[in-house]
Amino acid sequence: MIKNIVFDLGGVYSFEIGSTKPNPKNYETLLSKYSLIAEETIFIDDKLDNIQAANAFGIHGIQFTSLSDVKKQIMVLEKAD
């Protein structure tokens, strides 16, 4: 359920945790570091493998193809409730 969209410029950096996407450690660390609930989180990336890995955690993955497409997909998530 996506209620309020908040963009955070924080992140998880592979050199800090010794792991790169799509390794599950990246998504676990992201959720833990920011106290996020997977079902309330949106992950945007241009690589399908990374989106599929995020989806496996229950995170809403959006593959970046264009800014307008990402905006549309976010609006769909907001209206899903």
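Colleague: Hi! Which residues make the nonpolar surface patch?

Modeller: In this predicted model, Ile44, Phe64 and Leu67 make a nonpolar surface patch of about 270 Å².

Colleague: Where is phenylalanine 64 found?

Modeller: Look at the loop between strand E2 (60–63) and helix H4 (67–79), and you will find phenylalanine 64 there.

Colleague: Thanks! New topic: how many salt bridges does the structure hold?

Modeller: The structure holds one salt bridge. The side chains of aspartate 45 and lysine 21 meet in it, at 2.7 Å from N to O.

Colleague: What does that pair tie together?

Modeller: Aspartate 45 lies in strand E1, while lysine 21 lies in the loop between helix H1 (14–17) and H2, so the pair ties together parts that are 24 residues apart in sequence.

Colleague: How accessible are the two partners?

Modeller: Aspartate 45 is buried, with a relative accessible area of 8%. Lysine 21 counts as partly exposed, at 39% relative accessibility.

Colleague: Okay, one more residue. Where is the place of threonine 41?

Modeller: Threonine 41 sits in the loop between helix H2 (24–33) and strand E1 (42–45).

Colleague: Is threonine 41 buried or exposed?

Modeller: Threonine 41 is buried, because its relative accessible area is 9% and buried means under 20%.

Colleague: What lies 2.8 Å from a polar atom of its side chain?

Modeller: That is the backbone oxygen of isoleucine 37, 2.8 Å from a polar atom of the threonine 41 side chain.

Terms used
Residues numbered from 1 in each chain as written. Predicted model: local features only at pLDDT ≥ 70, side-chain atom pairs only at ≥ 80, totals over all residues. Heavy atoms only, no water. Patch = residues over 30% accessible without salt bridge, like charges linked within 9 Å, V, L, I, M, F, W, Y side chains within 5 Å. Areas by Shrake-Rupley, 256 points an atom, 1.4 Å probe, with all protein chains shown as cover. Salt bridge = Lys/Arg side-chain N within 4 Å of Asp/Glu carboxyl O. Helix = DSSP H or I, 4+ residues; strand = E, 2+ residues; numbered from the N terminus. Buried < 20%, exposed > 50% of the residue type's maximum accessible area, 1.4 Å probe, protein only. Polar contact = N/O pair within 3.5 Å; in protein donor to acceptor, adjacent residues only side chain to side chain.
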